[in-house]
Amino acid sequence: MQGAGIAAAIEAKGLACRRGDRLLFRGLNLTLGAGDACLVTGPNGTGKSSLLRVLAGLLRPYGGSVERKGSCALLDENLALDPECSLREALTFWHRLDCAEQPHAVYEQMSLTSLLDVPVRYLSTGQRKRAGLARLILSEADIWLLDEPLNGLDTEAQALVTPLVDEHRSAGGICIAASHQPLAMNNAQTLALEEFAL
Ligand SMILES: Nc1ncnc2c1ncn2[C@@H]1O[C@H](COP(=O)(O)OP(=O)(O)OP(=O)(O)O)[C@@H](O)[C@H]1O
């Protein structure tokens, strides 16, 4: 991981989030250290994606604060891969920035090898999610923020996600995931977001 030597950590204190004219949640506290995980649950519209964006630093909280130690990567529906490029070109753009080593082993792991010459815009939903997971792994970020990581994946690909998270945590990483589908994460905290709704 990029922050090797620094223990990863994330702490949210008294977090509140407002979207438009709606206050979604308030008074949310969360503390995770190296190897920890948290599963965020809640009905549609309670603010799970918004919370992950606040934790990533992409959305300003309405109240409270977030402190992070280590680098952060968000996996959501926004692939951030140029739709006009081939998958190889689009992923290479990020690997150069991240100085990723051994991308081909990860492409193989995510069954992307045969898709590398396909334009990103032609990828199916599950193929796009697998590309997103490859980007996540190769980013070597300390803190993984996963928004519906199982969505669109077939059964075989879904089965890869728990071991990936386990491996990340074993290496001192942190994982915070929002999922409507059951996502097994050993000894994970659960954050039921509706408890902080107004
Ligand atoms: N940019 C925005 N401006 C205004 N309101 C927004 C914006 N983005 C999201 N919202 C609203 O914020 C609320 C929470 O959305 P969010 O996507 O965080 O919920 P969620 O819990 O992840 O939902 P789901 O389970 O459906 O994925 C929704 O009512 C949504 O309409």
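Modeller: Start with a term. A helix here is a DSSP run of H or I with at least four residues, numbered from the N terminus. This is a predicted model.

Colleague: What gives the most to the shell around the ligand?

Modeller: Helix H1 does, with three residues. The residues around the ligand include Lys 48, Ser 49 and Ser 50, and H1 covers residues 48-56.

Colleague: Which others are around the ligand?

Modeller: Among them are Arg 19, Gly 20, Leu 24, Gly 42 and Asn 44. Gly 45, Thr 46 and Gly 47 also belong there. By class, the shell has one nonpolar, eight polar and two charged residues. Gly counts as polar.

Colleague: What makes H1 "mostly covered"?

Modeller: A residue is buried if 20 or more other C-beta atoms lie within 10 Å of its own. Seven of the nine residues in H1 are buried. They include Lys 48, Ser 50 and Arg 53. Gly 57 follows H1, with a positive phi near 85°.

Colleague: How do you know that the span of helix H4 agrees with its 15 residues?

Modeller: At 1.5 Å a residue, H4 (residues 125-139) should span 21 Å. Its end C-alpha atoms are 21 Å apart, so the two agree.

Colleague: Why is H4 called mostly covered?

Modeller: Twelve of its 15 residues are buried. Among them are Gln 127, Lys 129 and Arg 130.

Colleague: What covers the buried residues of H4?

Modeller: The cover includes strands S5 and S6 and helices H2, H3 and H5. After H4 comes Glu 140, with a positive phi near 55°.

Notes. Residues numbered from 1 in each chain as written. Predicted model: local features only at pLDDT ≥ 70, side-chain atom pairs only at ≥ 80, totals over all residues. Helix = DSSP H or I, 4+ residues; strand = E, 2+ residues; numbered from the N terminus. Expected span 1.5 Å × (residues − 1). Contact = placed C-beta atoms within 7 Å. Near = placed C-beta within 6 Å.
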